[in-house]
Amino acid sequence: MTLCEKIYAMLEIEDIVQAEELIRNSTLLSDNEFPDEDRMRTSYMLAKLFFKKGKLEKSLEWGFISQKFSEKSVNYVHYSNVLTHLGWVYLCKSEYNNAYDYFQQQLLHAEKHNNISLVEKYYINMGSFYKYMSVFDKAISSFDKGLEINEKTQDFENRIAILIGKGNCCHSSSFYEQSLQAYQEALSLSERLDKKKNIADCLSNIGLLYKDQNKCSHALEYYYKSLYLTEEIGETYSALITKTNIGNIYTKMQDYTQALKIHKEVYEYCVENTIKKGIAKSLNNIGNIYYYQGLVTEALSYYEQALVLFKELSDIHEIVAVQGNIASIHGSESNENSNPHYAIELRKETLNYIIKLHNPYKESIEHFALSQLYEQIQNWELANIHLKEYYRLQQITFDEDVKSRFHSFTLERQIAEKEQQRVLAEKESEIAQLYYEKQKQENELLKQDLMHKERELTAMIERLVQKSQFITTISKKLEEIAELNRNESKREIYHLIEILESRSIDESERSVMFLQLQSVYGDFMKILGERYSSLQEKEIMTCALLKMKLPSSKIALMLGVSDRSVEKYRGNIRKKLGLPAGASIENFFENFYDKE
């Protein structure tokens with residue numbers, strides 16, 4: 001088995017520790033004998049697995065390594081996936097600017113390769129990005145753009161994900177009808193594709209939507225449907241969560257008998273399968289049911305059992321919540337077995353846990369509860385100390401909230417500016433493209449016009465040549481006839497010949513021809529004259545006619561000179577242009593004009 005095969009085998013079973021150690025101890029990353037494809041694939045798989053395990057720094061490290069190798073690769077889809085992955089890592093680290101930048105790089109990469117599926121992926125990422133930031137209007141807008149593109153890609157699995165994301169954002173914004181519509185479309189599509197896991201998720205989301213609207217009977221209907229399906233496909237963890245939600249709805253409906261039954265079923269399953277956290281949560285939920293019924297002794301029993309397990313799990317958040325419940329019971333004046341001194345000890349212990357969470361708001365609440373308890377035992381001094389601490393922490397909470405809002409606002413503004421710059425860049429690119437297309441069209445029209453004029457010029461010259469040849473032929477015939485007639489007749493015939501020859505090509509026709517020549521070869525003649533200033537006007541005209549590849553006889557007719565004069569012009573031109581003997585003047589003009 002090769003080194004890469006060993007690494008792939010370890011990654012397949014998610015043995016990331018051994019895989020990372022094997023890669024680091026090998027020359028895989030440094031030896032160029034290994035293909036970049038293997039190096040980028042192994043590092044990317046490792047980055048994804050570290051992300052799955054919640055080890056974000058490690059995921060980032062291996063993501064950068066994969067990016068380095070995938071930049072050289074022709075596999076641009078893989079490079080896009082790496083950029084997306086890095087964006088998601090930064091998103092989970094709440095480093096929104098970095099996440100945004102990587103998602104933008106992914107978009108540019110997708111557009112560069114004109115890959116519409118990757119553009120669709122970008123809008124899914126941006127929808128999730130804004131959802132994380134709780135900027136739900138922009139999240140919904142991004143998901144909507146993703147749905148538009150999905151109409152073209154027809155990637156139904158992506159469509160389900162987009163619809164669920166949009167449904168979540170609409171739900172969080174209290175747009176319940178739009179949320180329900182998105183969830184139901186996702187549900188319908190999942191059923192059509194027979195994606196049972198997706199069906200169960202959609203049903204659960206709809207149940208939660210109804211729960212938040214206090215439509216408990218509807219919530220139960222959808223939660224039960226989700227529960228039956230998750231049990232059918234063996235999604236045990238999802239089934240336990242759904243069943244817990246069902247128990248909590250019964251608690252909310254004050255149907256304590258049914259709530260107790262459900263939570264005890266969850267508890268028994270967790271005990272049977274040694275799911276310690278599930279056991280602790282179930283005990284806490286059962287304790288809540290007894291507490292709401294006023295059965296504080298039973299509630300305390302379950303709370304205390306839950307607390308022991310949460311402490312074993314070192315789950316500080318749950319410890320704080322459960323210990324707070326126990327302290328509330330012991331400190332309640334309505335409880336005939338209340339013990340405020342014990343409640344104070346519990347609150348102090350809870351306060352020490354909260355300090356570890358660095359949460360001023362929760363600290364303030366605990367100080368307020370302690371001030372109330374000290375008032376109860378008439379220890380006014382300590383009551384006052386904790387009350388002052390409560391107000392101090394409330395002020396800190398307020399200040400931090402203001403800072404957080406300001407930071408959020410600043411971040412939104414920065415991202416909006418970046419988005420605006422991107423849109424402007426896109427518009428500038430579009431304008432440049434339109435200008436290029438317009439210029440291209442205009443150049444094409446000019447080219448066609450020039451070709452048309454050139455054809456007209458050629459036809460005009462040909463007509464003039466034919467006319468001249470015709471008159472020359474008639475003149476020769478008349479000369480022959482004149483030789484056969486008497487003197488008076490000869491004079492008349494020679495007079496007629498003079499008239500014909502004078503009309504062979506008159507100056508007005510030449511002027512028209514020269515104007516047409518100027519319109520077709522004006523630029524050529526101007527540049528030639530500027531570069532070779534010693535060329536005379538008729539020599540420049542000769543150059544233009546030579547460029548048309550006309551023979552000397554036709555050039556002579558056009559200029560109204562003899563063939564010998566044209567040959568003289570050609571010699572002068574060759575000399576002034578510095579052309580060696582044997583070099584083609586026509587080829588020189590062709591190359592000269594191409595360069596210009």
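Colleague: In which helix is Gly278 found?
Modeller: This is a predicted model, in which local features need pLDDT of at least 70 and side-chain atom pairs count only at pLDDT 80 or more, while totals for chains, interfaces and linings use all residues. Residues are numbered from 1 along each chain as its sequence is written, and side-chain values use heavy atoms, with hydrogens and water left out. Helices are DSSP runs of H or I with at least four residues, strands are runs of E with at least two, and both are numbered from the N terminus. Gly278 is found in helix α15.

Colleague: Is Gly278 buried or exposed?
Modeller: Buried means under 20% relative accessible area, exposed means over 50%, and partly exposed lies in between, with a 1.4 Å probe and protein chains only. The relative accessible area of Gly278 is 16%. Gly278 is therefore buried.

Colleague: How far apart in space are Gly278 and Glu268, C-alpha to C-alpha?
Modeller: In sequence, Gly278 and Glu268 are ten residues apart. In space, their C-alpha to C-alpha separation is 9.7 Å.

Colleague: Leaving aside its neighbours within four places in sequence, which residues is Ser282 in contact with?
Modeller: Ser282 also belongs to α15, which spans residues 276–292. Its relative accessible area is 2%, so Ser282 is buried. With contact taken as heavy atoms within 4.5 Å, and neighbours within four places in sequence set aside, the partners of Ser282 are His263, Val266 and Tyr267.

Colleague: Are α15 and α16 roughly parallel or roughly antiparallel?
Modeller: Axes are lines fitted to C-alpha atoms, for helices over the stretch in contact, and angles run from 0 to 180 degrees between N-to-C directions. The axes of α15 and α16 (residues 296–313) come within 8 Å and cross at roughly 160°. Angles under 35 degrees count as roughly parallel, over 145 as roughly antiparallel, 65 to 115 as roughly perpendicular and the rest as oblique. The pair α15 and α16 is therefore roughly antiparallel.

Colleague: Is the crossing of α15 and α16 left-handed or right-handed?
Modeller: A crossing is left-handed if the near helix is turned anticlockwise from the far one by less than a right angle, and right-handed if clockwise. The contact involves residues including Ile279, Leu283 and Tyr290 of α15 and Tyr302, Leu309 and Phe310 of α16. The way α15 passes α16 is left-handed.

Colleague: Which residues have the most contacts inside the largest nonpolar core?
Modeller: A nonpolar core is a set of buried Ala, Val, Leu, Ile, Met, Phe, Trp, Tyr and Cys residues joined through side-chain atoms within 4.5 Å. The largest such core has 91 residues, and helix α7 (residues 116–132) gives the most to this core, with eight residues. A second, separate core of 35 residues includes Leu457, Met460, Met525 and Leu577. In the largest core, the residues with the most contacts are Phe129 and Tyr130.

Colleague: At roughly what angle do the axes of α7 and α8 cross?
Modeller: Helix α8 covers residues 136–153, and its axis comes within 8 Å of that of α7. The crossing is left-handed, and the residues that meet include Tyr123 and Tyr130 in α7 and Phe136 and Phe143 in α8. The two helices are roughly antiparallel because of their crossing angle, which is roughly 160°.

Colleague: What is the relative accessibility of Ser43?
Modeller: Ser43 lies in helix α3 (residues 36–52). Leaving aside its neighbours within four places in sequence, Ser43 is in contact with Trp62, Ile65 and Ser66. Ser43 counts as buried because its relative accessibility is 0%.

Colleague: How far apart are the axes of α3 and α5?
Modeller: Helix α5 (residues 76–92) packs against α3 at an angle of about 25°, which means that α3 is roughly parallel to α5. Their crossing is left-handed. The axes of α3 and α5 are apart by 11 Å.
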